[in-house]
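Hi,

Here's the structure I said I'd pass on. Have a look at it first, and then read on for what turned up.

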Amino acid sequence: MKTVLVTGGCGLIGQHICSGLLKKGNNVIAVDSTEGDYNTGKLHYSFIEASMTDKNKFAEIFENNKIDIVVHAGNIVDNDLGPIITDDIMKNSKACDKFIFRYAMDAGIEKFILLSTDMVYEFPKTREPIREDDDLKPRNNYAEMKLESEKALVGEMKHHKQCMCCILRFSPVYTKNFTENLLSKITDPKDNTKFVYGTGQYGFQFCCVHNLVDFILCYVKNADDMTYAGVYNVSDKLLITASDIIAFMRENHRLGPVLQRKPGKDALSKIFKKFSSKDEKTNYRYLDLSTIENNNMLDNNKASKLLSFRWDIHNTK
């Protein structure tokens with residue numbers, strides 16, 4: 001039985017990671033600033049309350065437990081951070097990453113899995129899918145924060161080459177009940193009205209949280225040598241169209257009227273510039289209208305070699 005430490009283990013993503021690890025027979029230690037009840041009382045599950053910046057507490061955790069694997073799901077906006085990523089949040093993230101990476105490597109863990117974001121990529125102007133080795137140019141504060149995490153992990157790996165490290169760059173997540181990321185893609189940033197262009201047959205890349213968890217479980221169990229270390233794009237296989245989001249919301253949740261718009265070809269970027277603000281540039285969920293016509297996807301062929309992604313907006317739970 002492996003012992004897995006999950007930082008941010010009580011957030012939206014973290015709680016599903018912990019649940020999946022428990023079902024696969026692992027001993028799970030969840031660390032978070034606030035305890036959740038999703039996994040409370042389950043066999044082989046324990047919770048430790050600690051702020052992500054509590055250096056002494058994490059030193060104690062690694063000292064008192066024989067940890068085999070770390071899944072670093074702390075400091076993810078879908079867990080317990082707000083939508084606006086401030087300079088203070090970025091500073092705290094950088095500080096905690098540094099000591100968590102150091103403690104984990106010094107403890108001789110087998111695997112380290114870092115959750116990052118696809119927003120670290122420079123958004124291409126073609127319809128080609130985004131690959132792991134594409135140019136990096138963070139699109140907001142959250143992406144800058146996660147890219148700094150990646151760099152710090154790679155820097156620490158150079159001194160601990162025995163540890164197999166995995167960086168997951170995934171799209172905004174959703175479940176049947178978590179719809180903020182979905183709704184942001186059909187919401188006008190000016191007045192919060194819901195809208196589509198034409199019939200809404202343009203798409204956005206998302207990641208069902210269960211696809212993300214399935215990949216992590218597969219990596220924990222099956223990645224057995226250094227050839228599996230590196231960067232993976234993890235997302236749903238297909239784009240989710242604006243019309244898919246509307247149909248999903250009307251079937252599973254309350255959704256008011258949705259406006260139809262038909263701007264000229266060059267109007268999208270003009271509308272975005274007119275309504276954009278400094279806060280939106282730091283917001284993980286803001287709608288970037290300039291990307292609507294690109295329909296770019298992540299190339300997740302590398303991740304698909306480990307497992308096939310089963311979930312999408314039509315069968316998520």
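Predicted model: local features only at pLDDT ≥ 70, side-chain atom pairs only at ≥ 80, totals over all residues.

**A β-α-β unit to start from**

E5, H4 and E6 form a right-handed β-α-β unit.

How many of the seven residues of strand E5 (residues 111–117) are buried? Seven of the seven are, so the strand is largely enclosed by the rest of the structure. Lys111, Ile113, Leu115 and Thr117 point one way from E5, while Phe112, Leu114 and Ser116 point the other way, and all of them are buried.

**Salt bridges**

Searching the whole structure gives ten salt bridges.

- Glu150 and Arg169 meet through their side chains at 2.6 Å, N to O. Glu150 sits in helix H4 and Arg169 in strand E6 (residues 164–170), so this pair ties together parts that are 19 residues apart in sequence. Both Glu150 and Arg169 are buried. H4 and E6 are also two of the elements in the β-α-β unit above.
- Arg102 and Glu156 form a salt bridge, with 3.1 Å between the closest N and O atoms. Arg102 belongs to helix H3 (residues 87–106) and Glu156 to helix H4 (residues 141–157), so here the parts tied together are 54 residues apart in sequence. Buried or partly exposed? Arg102 counts as partly exposed because its relative accessibility is 38%, whereas Glu156 is buried, with a relative accessible area of 8%.
- Asp188 and Arg261 form another salt bridge, their closest N and O atoms being 2.8 Å apart. This pair links distant parts of the chain, 73 residues apart: Asp188 is in the loop between helix H5 (180–184) and strand E8 (194–197), and Arg261 is in strand E13 (residues 258–261). Asp188 is buried at a relative accessible area of 3%, while Arg261, at 21% relative accessibility, counts as partly exposed.

**Helix H6**

H6 (residues 209–222) has 14 residues and reaches 20 Å from its first C-alpha to its last, close to the 20 Å expected at 1.5 Å a residue. Twelve of its 14 residues are buried, so H6 is largely enclosed by the rest of the structure. Among those buried residues are His210, Asn211 and Asp214, along with Leu212, Phe215, Ile216 and Tyr219.

**Cavities**

How many cavities of 30 Å³ or more are there? The count comes to two.

Terms used:
Residues numbered from 1 in each chain as written. Heavy atoms only, no water. Helix = DSSP H or I, 4+ residues; strand = E, 2+ residues; numbered from the N terminus. Expected span 1.5 Å × (residues − 1). Buried < 20%, exposed > 50% of the residue type's maximum accessible area, 1.4 Å probe, protein only. Salt bridge = Lys/Arg side-chain N within 4 Å of Asp/Glu carboxyl O. Right-handed = clockwise from strand over helix to strand, strands pointing away. 1 Å grid on protein atoms, 1.4 Å probe; cavity = no way out; pocket = protein on both sides within 12 Å on 5 of 7 lines; lining within 4 Å. Points joined across faces, edges and corners; volume = space filled by probe spheres on them.
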